[in-house]
Amino acid sequence: MKRIPIYAILAVLAVFSCEKTPAPSQEPEPVTVDGTAPQSGGILAATLDKGLAPLSFTKTISNNCIGYAYLSGREMPDLFFQCPNGVPTSNGIRSYLGLNLCEFQGWTSAGEPVYGAPVPVKEVPWAASDSPLRIVQAGGRVLAFTISSSKLRFAVYDSEARSFGSSWDNVSISLSGITGSPIAFDMIPEAGSLAELVILATDIEGSYRPSMDDVSESFYDSAGIYRGQMYYGRIYRCTIDMSSWKLQSSPVLISGDTRVTLAPVGIGAFKESLSGTDGYLCINKFGVVKYVPRRSSTVSDYALDAYGTELVNPFVSGAILPIRSKSGTDTPWIVLSGEGAPRVIKSAGRKTFESVPVFEGPYEILMENGDLYAGSLPVPTVADWDGDGKLDIVAGNSEGRLLFFKNFGTNAAPAFGRAEYLKSEGEEICYRAGYYEVQGPFEAAWGYLCPVVFDWDGDGISDIVFSTNEGKFEFMRNEGTATRPSLGRRQGIFLDGLELYGMWRVRPAVARIAGRVIIAMMDGEDALHLYQQTTPKAVKDLGKALLGDGKYIYGHRASATSSLGERGREKLEFVDWDGDGDYDLLVGTPLQASFPDPSYGLPWSRTTRGLQTLWLENVESNENMVFAYPKQFLFRGADFHIGAHANGPTACMLGDTSDGKPNLLVSGEGGKFFFFDRSDLTELSLW
Amino acid sequence: MKKAGLIPLFLFLSLFSFAQVPLKSGKPVMSSDPNGIAPLGVLQTIATVPAGAVYLKPGDANPSLFLLARVGVPSSRGVYVATLNGVRKAGGELVFDKPVKIKAYWGKPSKMPDYGCFFNYKGGVLSFWAESKESLTLASYNPDEKQLVKIASVKVEGLGGVYGISAVELENGSIEITAIAGDGSRYRTDRAQNESWYDGAMIYKGALSKGGVRKMTLTDPLEGGSFTEASPASFMIALSGAVRIQDSFMGADGYLAVNRFGVLGWRDASSSRFGRSWVRDASGKSIEYPANGASVSLLNFRSGEKRILMGGEGKLVSCRFDGMGENGPVFSDPSTVLMLGGALYTGSLGVPEVVDWDGDGVQDIICGNSEGRILFFKNTGTDLVPAYSSFAEELCWEDGPVCIRPGYIGVQGPFEAVWGYMCPSVFDWNADGVPDIVFSDSRGKLEVMYARRTATGTILGRPFALRQDGLEIKGLWRVKPAVAEIAGRVCVVNMDGDGTFHRWWKVDESTLVDDGPLLLRGGTPITAHSGTADRDGNFGRVKINLCDWDADGDLDLILGTPMTSCLPRPDKGIPNGPVLKQLMMQVFYMENVGNDERPCFKDPVGFYVKGKDLLLGVHANGPEPCTVGSASGAYNLLVGCESGRLFWIDRNDLATFSIKDRYDKK
């Protein structure tokens, strides 16, 4: 008798089993929730989960948590944030430039702290100062300290008036003996009226930038090595009597090495009794946290996360703030902040064999009724990324990450979820230039991912074409499906075998135009340049784009007064903005841009700041693209300024699009998305 | 009688049959494959440039290939000819006899013109050489004497700055000479010493020069003539080679052109404007030469089969013509051109590591090269008498071969985009029992690729950077880092941005902590550059090894350098080629007279081999202390060099010289 092979039996069983248990549907059921029609001239709000969103500050870039106080009587203190750069309140949208207080509200079920919306502190004596600040609660008072010109000064907080007053207390303490420049400090109240002052100082005087006779020169030498100074931090400590405001001991260098960390930005005293850990945590610009024990002269060591790897805040960092528990001297929570949504880490209550503390987290600090927040300088594309028929937002940001905001509502009334961080080859995307970067190695934690969603390989599903601060143009193929996208590795796009390379931080415009896939970017002369795709990995040169009068379209102003990092930064997009059947160009620019002529152009040649978003009408055809002189958008007839560094515009079919034409979404440097109904937009021309 | 056009099949033994080939001290490691099959090349030269495949005599069954060897050890420079022996059964590769150097009319190698070509004309073999903008030298090749004889200088116009020539006898009996000419732009710019080639926006300051194809038709080879455009002058960036294709060859008239990045393009002769298409294989994938600086020649079999040959700074490859497609010719994927009696070939500037890569108990060779690839030469013999196959495997990621290159931003400019200069050290970085790759390259980064063994071989993960305080560690380019375990801790030695040998300790998989510079006795940091050199590409290039060379219980340094290095201090050192004007094997030993925790090194000494200098090239040597061929277990040396060969040296044949010895000799 012929025997039946075992694999055949297994195959039959498998089929039978499948019949009895239907396979789950491959496509998820679309879920629609009630969204909100976007308000023209407003910011897209977080609408799910009571508007739960990362704590953020509307129009400011950096948000440094520099102090805390138990003012509202809850288990966690209220937090003070210093927001030093951004756009003032304008166009009916509040800015949070300056000092703000956020009140603790509670916890999410996932253990994330939730804070209330920022409330500006009315009067601050340091408004024009870039000296380091610290706000400390001691002896029943909330005190703000600053170190300026080797002097410690303070001001007292009036919680009723929500003000520190307009001037410093006239008592000051001279801090001699510190070499270098104090960049951060912490004040730790001790028993009685004493307090320990610990100061993090850099080991250089002046700028870490190389001297530049010619601003067009590279920061690097011919061997690719940075020409400026690689600066480090060192720690000093002294004791102060806060009743007499006199020094009890002069500042002494306490760190066992004088190179505690490269690029230092923050310091805080950390104590954890369970593990017997007592020392200082330092954070540097790259987000790396290091630990220096208080009672020994040992060198610094990397603080570790729960996985035993170095603890890193995921964005360009500006401050570290250990928080003492409400009762006791331990500091179980540490706030990490800078150019991104603040986060907290929690002491794990243990240390390593080398006595290095271990932490859990970081966790995002959240707020209710917040805005969508994408990290600083986001670059959005509105597209149906997950194939559910609704328009989502896919955005890159300055961290070098790629975020996906799923739309659970409708296109007319979207409801975007919290950001999901997209991955490439299973790893969270975080593209950064590293050491070799246009503005020097201290910008290594900035990536400036500028993506566009487009079916680059022509297989019917959307891929990501992008550039970064590396200035080269690349793509990630979607190796998943339309409804389950999965990005593959980053791959270069080549011209004659050489990487397609241009200005940094440019989002390319990509579209299938007249049967050809066209990609536009800003070339090495910062001129708008067109290429045609020949294969997914190769393009051919179509030359610089032309204006109707035959001139090239440049993006920069003529006289560079600082490094050439001012060039580039344009966010390009092909769209038929005027509905005449051919592709026009939308261009988001930095403030210094001068389109199309370096000597006279938009927006730089105007005296007022406005929305740095331009429209270049295609005045010929899709086959032969020729552009009109650029026009700048006005909102309800007026300028609408949302940040100097760069605007990221994208045409979108969100909101009321009953006329069949797109509206406009523009991202600002503060990480928010501003929506504009096209009916509120007019164009301004200089020609 | 041989039937014309029939290529005798070369009958090989089983593919998996290898011979143990005794290592010869001071000589390259030879292929253990049957008949010593190895990639075709010329010992001691960097590039393998095809200059025309011809039939030396009218009755020859098989064509012969001329090769130009312009860069390398002086005694090896010249023109070589190799005759096709057959086609390898297993893979269909072309197999040539060992190349033979021909006598040329210019005499000394230093007089050899940069560009030349060979072609059949009326049954004989003629050759043109570009020696000036106004004339070409016509020469005739005598196969019996293996001699190239000058016939005349032929006046030409319109040649301009030329980057390559080829010639072919047309069907009407005339000759067409094809030349590559630049577009008149200037690739290099003037710059101050130590100034970057890139501006503050990271844009190259020079021009991305393009090239075009020019042609000249002669009815008589002795006639002069004028070159005219066969393509626009801006045909392709960095165009480096082109050849005329006749209708009889492919059924289409046109030009195949290749650039220094390896891109192969096709221009139909009837194109009136820019017309160009990429040459592809049957699946639509672009055909590319895998290394830098390609040239292209045609190979026309009497059987009717057509191939093109491409060569440059890498192995020679051939592609079979598979017909005309919609957008131009279709070729097969490149296959390596082989030779009999050859040595292992790593690709130029090999940087070897000797290690049991596949866990079979014997030591293999892992080798990085200038292409940015990593090759695995499996040892099927023993450590004492190894047998390395010349069919090296490329180490791969999940989706294809590892190939790491700088791209547009490179120390010496964007035209060096495809020089990766992979410098791997093999070390079990994650302590999982499988050795990983710790490496640097032409980008000067310090990175790691984890290795994972699978049923089909070892797969490497994507590289990740090693960092200090969150910033990736940036050093000088083309440095092989040394990695070692010392008292339970792992250290890495690399060259920092100051050009100093620097040590770090591993903290976690991507984090290192600074341990400061390595010091000489007296406390001076060790450097390798001259005090007067432009930082440019002269800095770096050093290959670092930590090993207990003198068996005294601590780790010493074995270093490979370029000729321009000045080790161990900028004011006086070796090999210091520009000052000493002495060629030597650029491999040095620095004895650790401290201990592993607190090392301290004596001044370097260099090596003589059998009492003499062994010249392996000037660009950089890659030494690897190893115990292969060692009965005692003491270290011998394996040295990778610019020609892509691996020289094995018995330590008993090594003697040392000091810095003083060399300066006394000056």
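Visitor: Where is B:Ser75 found in chain B?
Guide: In this predicted model, B:Ser75 lies in the loop that runs between β4 (64-69) and β5 (78-87) of chain B.

Visitor: Why is B:Ser75 called exposed?
Guide: B:Ser75 has 11 other C-beta atoms within 10 Å, and a residue counts as exposed if 12 or fewer lie within that distance, so B:Ser75 is exposed.

Visitor: What separates the C-alpha atoms of B:Ser75 and B:Lys108?
Guide: Although B:Ser75 and B:Lys108 are 33 residues apart along the chain, their C-alpha atoms are separated by 9.4 Å.

Visitor: Why does the radius of gyration of chain B agree with that of a compact globule?
Guide: A compact globule with 666 residues would have a radius of gyration near 26 Å, and because chain B has 25 Å, the value agrees. The C-alpha atoms of chain B fill a box of roughly 75 × 60 × 50 Å, taken along the principal axes, and buried residues, those with 20 or more other C-beta atoms within 10 Å, make up 54% of the 666 residues in chain B.

Visitor: What makes β2 and β6 of chain A edge strands?
Guide: In chain A, four strands form an open sheet with mixed pairing, in the order β2-β27-β7-β6. There β2 (53-54) and β6 (104-107) each have a single partner strand, so one side of each is left without a neighbour in the sheet.

Visitor: How do you know that β2(A) and β27 of chain A pair?
Guide: Pairing requires at least two bridges, and β2(A) and β27 (residues 366-367) are joined in the antiparallel sense over two bridges; A:Met367 in β27(A) is the bridge partner of A:Ala53.

Technical notes:
Residues numbered from 1 in each chain as written. Chains lettered and ligands numbered in written order. Predicted model: local features only at pLDDT ≥ 70, side-chain atom pairs only at ≥ 80, totals over all residues. Rg over C-alpha atoms; globule rule 2.2 N^0.38 Å.
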